[in-house]
2 protein chains.
Amino acid sequence: MAELNERKKQILAAVVEQFIKTGEPVGSKELIACTGLKVSSATVRNDMSELVALGYLEQPHTSAGRVPSQKGYRYYVDHLMKSREIDELNRRLIDAGISSAAGDPERLITRAGEVLADLTKCASISKAPGGDSMLIRKIELVPIGIHTAMLVLLTSNGILKSRLCRLDAPLTSKLCEEFYNIVQAAILGKPASEINVASMQTVAASVDGDSFAMLPLMAAVCELARSTAQSRILLGGSSNLLGHKEYGAQAAELLEFLNKSEPITEVMRGGARPIEIRIGRENLYRQLENSSVIVAKYSVSGDDTGTIGVIGPTRMDYERIIPSVRYLTDLVGRLITQALEE
Amino acid sequence: MAELNERKKQILAAVVEQFIKTGEPVGSKELIACTGLKVSSATVRNDMSELVALGYLEQPHTSAGRVPSQKGYRYYVDHLMKSREIDELNRRLIDAGISSAAGDPERLITRAGEVLADLTKCASISKAPGGDSMLIRKIELVPIGIHTAMLVLLTSNGILKSRLCRLDAPLTSKLCEEFYNIVQAAILGKPASEINVASMQTVAASVDGDSFAMLPLMAAVCELARSTAQSRILLGGSSNLLGHKEYGAQAAELLEFLNKSEPITEVMRGGARPIEIRIGRENLYRQLENSSVIVAKYSVSGDDTGTIGVIGPTRMDYERIIPSVRYLTDLVGRLITQALEE
DNA sequence: AATTAGCACTCGGTGTCGTTGAGTGCTAAT
DNA sequence: ATTAGCACTCAACGACACCGAGTGCTAATT
């Protein structure tokens, strides 16, 4: 790839930044005004013309200004963006926003998503710690009435799920005892993803006692484990996307898309890198061709586990958003780790 | 109010139904085609003209067909709508949709909202059982590590909330004991809405022992009680609204509005009636002037407590949606009551 | 060789104008 | 009370001209 000279870089950066700011194609005069470059508009035009030829800029039509192409955004993000550190204000907002939820991992993730969506005016996606390294740490059975009990499940990374369970047979202390035996023997310490109805049935059958009365309890445990294992992805601030005029009528389609869980799971699956930036078509989904995705992993006690990120128009404020996402994921990872340590 | 003769009623009903179906203003010929009325278009025109004068119909402009006015919708809903019973198909869809969640009140509500949104292609709003009759029934403190514990709170109407809590001081059995004493004395049986930081401080101070170590626990309990008391309103299927062309650019504003919690709380506050239908401006919010709200209460063990409903364009299919909402709330009320009974 | 001034050219956006056609309102006949 | 007939209205649509921001090119300048 032919390297760009200094001035071309400067022009490319300015076009990107100006376009992000105003949303309008930027012309040669405007560009001189906002950079203070000491050359004439004709020179800028020549350079821009070359940048178009190289694929970094695009022209909506002959007599319009220039707009960054996908390649242009990519080059900007990789080489031209100045600030790689979060600025004071955003850091404060993040800190203040999630401080109230510091104790509880799940609330922390939820809050993190909300804060991020607010901050970036984009949609946020966040996933609670999960994956195969998530083990079942504790299960509690609390009798409520003769036929009702509440079940609580806690995983190794601090996710807590609870639900009521209605029994057909009375909840005797003997039943409780048997329940705990089964839990102790076959569930605790196992990955949440391995608990399912089939495996439980064999276990329940092997224990003597009233396996019929045990059934609803086991079913409920499976249900809890399942819902924990496929830890739901939280979508926040999706209505923010409607505010971006470049989506127009596509907004409906995009929101539709984001509300389906399968593709979103795929979107969040990151590569090896700690932070992943996918611009426009770099996303594999047609529905995201005008969007950019920025997702970062956070780790709890050293394991890579959860993900937090944003989805917004390709014309998003990368310079501000990327450091924010990076900072937020780091912080969330630290806080959860801290909440869980002995 | 001057009563309408039979034919005028028939015409009004037909205009409403046709407009709901097509979204286009309906003209006199079209109306004859779709009703099979044995009169000429001129007669229909005369009648429609009077219906406009009486305020039941509106004319977007002189040479266009007629559109129901707010008053027209109201008259239709109150007097003309045929089916007041849910039809077989919708009933089945609802039954199938929420059966999987029957055991647990909170999941039931969530699911009910999802099902309703799917069914009606509108946004759904649903509120878990709540209000002043919601008492705190049980609080459990389960030690997890030396400095961490999980807290679980259960209310009289089956809402379960849990969170982790990190302590500054080690969690001794003495501390647990003191905690349960306080809970027993000052929390159990109280309405969730009455538990707050101020009231807890006086209680904690009056108990001897290490009130400093108790602080995080009490704070967490308050937090749980608070989040339970103002039981969050769930908004489902909001992206459905984008599919309705009549909203157009207003859709963004509407979604914005729906995502604020204060006004939504107000929207859901019903009167004395079991089901409330508010059409267009009958809603007190300007943002809902082109929308209708249908909300119904469900009762748990006889108390009026929760609410489920839909928000959609005034041009919604009342004939199908109203019975569905009514059926769903009844069902949810019965299922929760059943899940809670001894 | 790079830069610049000057200028003709392009083309989306906007406003005007006439045409079209669905649907009405009115009048006179039934 | 109903209906046939007819003139009228007005949004929607396409054609057309105009404007102006911004370009590309050429020739002059450094």
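A:Glu223 pairs with B:Arg107 in a salt bridge (a side-chain nitrogen of Lys or Arg within 4 Å of a carboxyl oxygen of Asp or Glu), with 2.9 Å between the closest N and O atoms. Between chain A and chain B the count is two salt bridges. This is a predicted model, where local features need pLDDT of at least 70 and side-chain atom pairs count only at pLDDT 80 or more, while totals for chains, interfaces and linings use all residues. Residues are numbered from 1 along each chain as its sequence is written, chains are lettered from A and ligands numbered from 1 in the order written, and side-chain values use heavy atoms, without hydrogens and water.

As for the rest of the protein–protein contact (heavy atoms within 4.5 Å), chain A brings 35 residues and chain B brings 35 residues. About 3,000 Å² is buried between them, 59% of it from carbon and sulfur atoms; buried area here is the accessible area (1.4 Å probe) that two parts lose on being put together, summed over both.

Now to the DNA. There are 21 residues around DNA strand C (a heavy atom within 4 Å), and A:Arg7, A:Ser40, A:Thr43, A:Ser63 and B:Ser28 come nearest.

| Side chain | Atom of DNA strand C | Distance |
|---|---|---|
| A:Arg7 | phosphate oxygen | 2.9 Å |
| A:Arg45 | base oxygen | 3.4 Å |
| B:Arg66 | phosphate oxygen | 3.2 Å |

Definitions and conventions
A polar contact is a pair of N or O atoms within 3.5 Å; within protein, one must be able to donate a hydrogen and the other to accept it, and residues adjacent in sequence count only if both atoms are side-chain atoms.
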